[in-house]
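Hi,

Here is the structure I promised to pass on to you. Have a look at it first, and my notes follow below.

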Amino acid sequence: TMAHWGLPGYALYSSTKGAIHRFADAYRAELPSNGRLMMVYPIGTRTRFFEETKAPVVPPTQDVESVASAIVRGIERDADAVYPSWVWKVTSFVDRFIPIIKPITQRLYRQALHDWDQDRI
């Protein structure tokens, strides 16, 4: 989801995801007819990174197994894109018409980042 929404504390990370998203869009136009490219757009995934760094992550999150299962289903369906979280699908759809979810999420991340910085001092 970082390819679609930039979040405080993840500016560099989300910008690279946005660049990869745009790359995929252009690369698909260049692929030969038998070429395939599938992109995966998970929400915050509970990995060791968050356990080890204690970096802020705001719910909702998903486990690694859910993401892996969605990837397998995407491969089986020959999908161009996989969005493992139904929460993200609903949220991003609703936010297109009622643009309030993204600013709230950004505010929550900003607060979580502030709290995390205070804990590290």
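The chain holds five helices and four strands, where helices (H or I, at least four residues) and strands (E, at least two) are DSSP runs numbered from the N terminus. Read from the N terminus, the order is α-β-β-α-β-α-β-α-α.

Please keep in mind that this is a predicted model, in which local features need pLDDT of at least 70, side-chain atom pairs count only at pLDDT 80 or more, and totals for chains, interfaces and linings use all residues. Residues are numbered from 1 along each chain as its sequence is written, and side-chain values use heavy atoms, with hydrogens and water left out.

On confidence, the mean pLDDT of the chain is 87, with 97% of residues at 70 or more; pLDDT is the predictor's confidence in each residue, from 0 to 100.

As for overall dimensions, the C-alpha atoms fill a box of roughly 55 × 30 × 25 Å along the principal axes. Of the 121 residues, 28% are buried (under 20% relative accessible area; exposed is over 50% and partly exposed in between, with a 1.4 Å probe and protein chains only).

One residue I looked at is I101, in helix α5 (residues 101-120). I101 is partly exposed, at a relative accessible area of 23%. Beyond its neighbours within four places in sequence, I101 is in contact (heavy atoms within 4.5 Å) with W5, T91, V94 and D95.

Best wishes
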